[in-house]
Amino acid sequence: MWTLITGAGSGIGEALALELAAQGHDLILAGRTVSKLEEVATKLRVEAPDREVMTLEVDLADPESTRDLAQQVSDAVDRLSAFVYCAGVGEPAADFASLGLIDFQEALAVNVSAPMLLTQSLLPILKGSDPSSRIVMIGAGMDKHAQPGTGSYGISKMALRRLVRQMSVEFDTMSGGPVVSLFQPGLVDTPGIRSHIDKAGKLDLPHAEWLTNRLASGDCLSAEQAASAIVFTLNQIPESDFHGAVFNGADLVDSLSFAGS
């Protein structure tokens, strides 16, 4: 049972890899920094020695590198049971006039074009199976909540939301197609969000202080909680409820905590 995770070198992607391995998934970890991927793979080989783990370098801003990743995955496995797209980029800008075209284009490339291209390229090993292969795209709350300085990330994540909707409609017409959902994690305490807060704070963006206070008060999820919620959608949600759905991380974590109490 093979699962591909992009952005697996840290944060939610790393936590997800550890939990899925514990539940019997063999894993393909893809990302930009090989050293981080290997650190995660080393943990997996200690904590889940019976599981197979592969690490693959990819630059998701580069279509050729993205296609090469898909080819390497397709050469390595006959079928993917799941594919979770955790990668995401987008730098804060001081104001609209400072929104850089290069950063904006990179955010669109990594957050929208790459998941589209990667899914297209992987379709031969994502379709034709029973149960259906499951795809999870990781969104962001700021897709619908525009704030100063968040254009690259927020706009591209809004486009990702629309991409997921398009995929769900297209897969409905495909014989043996996969099923897809959008996972909105909300605020999760990860190295990525702390880096964003630091950069936004240096630009005096108003949301930096708000995010800092929320993290300080514990009003956020841990990467492990977010990963557990994703695993729940992969393993427990019926296909009919999974396909085309938008899942809220905090709501799922609350319901799982209540169910376990």
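These legends describe close-up views of a predicted model.

**View 1. Strand 9 pairs with strand 6.** Strand 6 covers residues 179-184. Strand 6 and strand 9 run in the parallel sense and share three bridges. Look for Q184 here: its bridge partner in strand 9 is N248.

**View 2. Helix 1 crosses helix 8.** Helix 1 is residues 11-22, and helix 8 is residues 223-235. Their axes come within 8 Å and cross at roughly 55°. That angle makes helix 1 oblique to helix 8. The crossing is right-handed. Which residues of helix 1 meet helix 8? They are G11, I12, A15, L16, E19 and L20. Facing them in helix 8 are A223, E224, A226, A227, S228, I230, V231 and L234. By class, this contact holds ten nonpolar, two polar and two charged residues.

**View 3. Helix 4 packs against helix 5.** Helix 5 is residues 151-172, while helix 4 is residues 101-126. The two axes are 8 Å apart, at an angle of about 20°. Angles under 35 degrees count as roughly parallel, and helix 4 and helix 5 are therefore roughly parallel to each other. Their crossing is right-handed. On the helix 4 side, the contact includes F104, L108, V112, M116 and L123. On the helix 5 side, it includes Y153, I155, L160, L163, M167 and F171. What classes of residue make up this contact? There are 14 nonpolar, five polar and two charged residues.

**View 4. A salt bridge joins D26 and R51.** The side chains of D26 and R51 meet, with 3.1 Å from N to O. This pair links distant parts of the chain, 25 residues apart. D26 sits in strand 2, while R51 is in the loop between helix 2 and strand 3. Across the model, the count comes to nine salt bridges.

**View 5. The peptide bond from D130 to P131 is cis**. Omega is near 5° at this bond. Where is P131? P131 lies in the loop between helix 4 and strand 5.

**View 6. D204 has a positive phi.** The phi of D204 is about 60°, although D204 is not a glycine. This residue is found in the loop between helix 6 (191-202) and helix 7 (206-217).

Definitions and conventions: Residues are numbered from 1 along each chain as its sequence is written. This is a predicted model: local features need pLDDT of at least 70, side-chain atom pairs count only at pLDDT 80 or more; totals for chains, interfaces and linings use all residues. Side-chain values use heavy atoms; hydrogens and water are left out. Axes are lines fitted to C-alpha atoms, for helices over the stretch in contact, and angles run from 0 to 180 degrees between N-to-C directions. Helices (H or I, at least four residues) and strands (E, at least two) are DSSP runs, numbered from the N terminus. Angles under 35 degrees count as roughly parallel, over 145 as roughly antiparallel, 65 to 115 as roughly perpendicular and the rest as oblique. A crossing is left-handed if the near helix is turned anticlockwise from the far one by less than a right angle, and right-handed if clockwise. Contact means heavy atoms within 4.5 Å. Ala, Val, Leu, Ile, Met, Phe, Trp, Tyr, Cys and Pro count as nonpolar, Asp, Glu, Lys and Arg as charged, and the others, Gly among them, as polar. Two strands pair if DSSP finds at least two bridges between them. A salt bridge is a side-chain nitrogen of Lys or Arg within 4 Å of a carboxyl oxygen of Asp or Glu.
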